[in-house]
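Student: I'm new to this one. Can we look at it together and go through what the labels on it rest on?

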Amino acid sequence: QVQLVESGGGLVQAGGSLRLSCAASGRTFSNYAVAWFRQAPGKEREFVLAIRWNSGITYYEDSVKGRFTISRDNAKNTVYLQMNSLKPEDTAVYYCAAGGVYYSNSSYYTRPSTYDYWGQGTQVTVSS
């Protein structure tokens, strides 16, 4: 069993930056993929980016490429989401998720159903 706790959300002006953290307890992220999803009011949960813990292979949703970066700290068993050049349309609740690595197909890592464990979410609000 894995427990995920996100932190780092808040209110920021457009063009600003935030860094979200996702810390795991119960076991390490080894052999897992860890992803960030987001959900805006009235919209479905959408994939943002993911990292395969062992290999470091990353996957990004097109709208965040060049602005968002995912990274990991093995010693702290923590994944980070660095968000730069934030836009009002980035406003959402951001969720961290973890699941097993079974396939190399990139689309596999963009699906919410791939992930078994979810954090409680952290609100990110970008003002214009």
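Predicted model: local features only at pLDDT ≥ 70, side-chain atom pairs only at ≥ 80, totals over all residues.

Student: Why is Asp90 called buried?

Tutor: Asp90 has a relative accessible area of 1%. Buried means under 20%, so Asp90 gets that label. You'll find Asp90 in the loop between strand S8 (78-83) and S9.

Student: What makes the link between Asp90 and Arg38 a polar contact?

Tutor: Their side chains come to 2.9 Å. The cut-off is N or O atoms within 3.5 Å, with one able to donate a hydrogen and the other to accept it, so the pair counts as a polar contact.

Student: Which other residues does Asp90 touch?

Tutor: Leaving out residues up to four places away in sequence, the contacts of Asp90 include Arg67, Phe68, Ser85, Val124 and Val126. Val124 and Val126 are on the covered face of strand S11 (residues 122-127), along with Thr122. The uncovered face of S11 has Gln123, Thr125 and Ser127.

Student: How do you know that S11 pairs with strand S2 (residues 10-13)?

Tutor: Two strands pair if there are at least two bridges between them. S2 and S11 have 4 bridges, in the parallel sense, so they pair. In S11, Val124 is the bridge partner of Gly10.

Student: And what makes strand S9 (residues 92-100) a partner of S11?

Tutor: Here there are 3 bridges, in the antiparallel sense. At least two are needed, so S9 and S11 pair. Across from Gln123 in S11 stands Val93.

Student: Why is Arg111 called partly exposed?

Tutor: Arg111 has a relative accessible area of 40%. Buried is under 20% and exposed is over 50%, so Arg111 falls in between. Arg111 is in the loop between S9 and strand S10 (117-118). From Arg111 to Glu44 is 67 residues in sequence, and 12 Å in space from C-alpha to C-alpha.

Student: Which residues have the most contacts inside the largest nonpolar core?

Tutor: They are Leu4, Phe29, Trp36, Phe68, Met83 and Tyr94, in a core of 30 residues. Among the elements that give two or more residues to this core are S8, S9 and S11. A second, separate core has 10 residues, including Ala35, Ala97, Tyr109 and Tyr115.

Student: What does Leu4 touch?

Tutor: Not counting residues up to four places away in sequence, Leu4 touches Cys22, Phe29, Cys96 and Trp118, among others.

Conventions: Residues numbered from 1 in each chain as written. Heavy atoms only, no water. Buried < 20%, exposed > 50% of the residue type's maximum accessible area, 1.4 Å probe, protein only. Contact = heavy atoms within 4.5 Å. Core = buried A, V, L, I, M, F, W, Y, C linked by side-chain atoms within 4.5 Å.
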